[in-house]
Amino acid sequence: MNNISHAYIFLGTEEEAAREALKLAQMANCEDNLAPCGFCNSCRKIQNNVHPDVVHIYPESAFIKIEQIRKLILDIAQKPVEGKRKFYILHQAHTMTPQAQNALLKTLEDPFTESTVVLLSSNIKQLIPTVISRCQVRDFSQEEKSSLSIDTRQRIAEILLHTVQTTELYEISTLVKELSERDEKAEEILEFIISLYRDVLVAKTNSSVAVINQDLESIISKFASKLTVKAIIMSLDVAYEQLRAVKSRGNKNLIWYNLLMGLEEVV
Ligand SMILES: [Zn+2]
């Protein structure tokens, strides 16, 4: 398996993300070169967490500390013991202290050819943007695709695209009006917007995994070319904030105004 990257972020619940990380480690090390067989010695050892080349790192008293990352850095330079590729799986990676993340960053910038680091996280906001930008992001937390029509999703995406380009103030009020007058539920639109920015993040980190809104691929790459990883994460924050406002029955006009202004500010 040559197409396995040196660093990933797997988003999702601990259980989902850990299952996918083990699958990736099995795929890279399977003795039968199947994808993966699940039965060979290597696949079974990985499944049972006893493979010497698959190292699990967990938070120690609530944090992954710099000492644990230093240990990883010393170990990562060594060749695999019996497998083809070593894996370092960091559980609840968002509990890494800032010092731990900065130490890890150096390894991500200068990767080893026979090793892969997988960060499992349910909260990407606590990872520093420089770490995120060095990893391929895969999102396993996503539910099914939005029920909004392709035309609606296309139009919403176009409206949002205005916020990453230069927009005059009068245009914002026109767009706010358009969003307020839509028949679809604000909650549903915001959930779509969140999935869209997740896709932009995936595209930005060159992940090979399919995005959710595949039919909006060209517009997603436009966003990705305009926004930094940090701006994408801040955009997600803005959208989540308005989703909370909708759920507490906020004023619709104000929600769309705050969303568009907020998105414009992060650029
Ligand atoms: Zn196997």
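Which residues does D139 touch, not counting residues up to four places away in sequence? Here are some notes on that and a few other spots; keep in mind as you go that this is a predicted model.

1. Let's start with D139. It touches L11, G12, R198 and V202, once residues up to four places away in sequence are set aside. You'll find D139 in strand β5, which covers residues 136–139. D139 has 20 C-beta neighbours inside 10 Å, so it counts as buried, the cut-off for that label being 20 or more.

2. Next, have a look at helix α8, residues 186–204. This helix has 19 residues and spans 27 Å from its first C-alpha to its last, close to the 27 Å expected at 1.5 Å a residue. Is α8 mostly covered or mostly open? Mostly covered: 14 of its 19 residues are buried. Just after the helix comes N206, with a positive phi of about 55°.

3. Now see how α8 meets α9 (residues 217–226): the two pack at an angle of about 70°, and their axes are 9 Å apart. That angle makes α8 roughly perpendicular to α9, because anything from 65 to 115 degrees gets that description. The crossing of these two helices is right-handed. On the α8 side, D199, V200, A203 and K204 make the contact, while α9 brings I220, S221, F223 and A224. Sorted by class, the contact has five nonpolar, one polar and two charged residues.

4. Compare that with another helix pair, α3 (residues 66–76) and α4 (residues 98–109). At what angle do α3 and α4 pack? About 15°, with their axes 8 Å apart. This makes α3 roughly parallel to α4, since angles under 35 degrees count that way. The crossing of α3 and α4 is right-handed. The residues making the contact are I66, Q68, I69, R70, I73 and I76 from α3, and Q99, A100, A103, L104 and T107 from α4. By class, that gives seven nonpolar, three polar and one charged residues for the contact of α3 with α4.

5. Helix α10 runs over residues 229–247. It has 19 residues, and from first C-alpha to last it reaches 27 Å, close to the 27 Å expected at 1.5 Å a residue. Its buried residues are V229, A231, I232, M234, S235, L236, V238, A239 and Q242. And what covers the buried residues of α10? The cover includes α5 (129–133), α8 and α11 (252–266). Just after α10, R249 has a positive phi of about 55°.

6. Most residues other than glycine have a negative phi. S61 is not a glycine, yet its phi is positive, near 40°. It lies in the loop between β2 and α3 and counts as exposed, with 6 C-beta neighbours inside 10 Å. Q92 is another case: it is not a glycine either, and its phi is positive at about 50°. You can find Q92 in the loop between β3 (86–90) and α4. Is Q92 buried or exposed? Buried, because it has 20 C-beta neighbours inside 10 Å.

7. C37 is in the loop between α1 (14–29) and α2 (41–47). It is partly exposed, with 15 other C-beta atoms within 10 Å. Leaving aside neighbours within four places in sequence, C37 is in contact with C30, D32 and C43. The C-alpha atoms of C37 and M27 are separated by 8.1 Å, and these residues are 10 apart along the chain.

8. The other is N49, in the loop between α2 and β2 (54–57). With 12 C-beta neighbours inside 10 Å, N49 counts as exposed, because the cut-off for that label is 12 or fewer. How far is the C-alpha atom of N49 from that of L22, 27 residues apart along the chain? The two are separated by 8.9 Å.

Key. Residues numbered from 1 in each chain as written. Predicted model: local features only at pLDDT ≥ 70, side-chain atom pairs only at ≥ 80, totals over all residues. Axes fitted to C-alpha atoms, helices over the stretch in contact; angles between N-to-C directions. Helix = DSSP H or I, 4+ residues; strand = E, 2+ residues; numbered from the N terminus. Parallel < 35°, antiparallel > 145°, perpendicular 65-115°, else oblique. Left-handed = near helix turned anticlockwise from the far one by under 90°. Contact = placed C-beta atoms within 7 Å. Nonpolar A, V, L, I, M, F, W, Y, C, P; charged D, E, K, R; others polar. Expected span 1.5 Å × (residues − 1).
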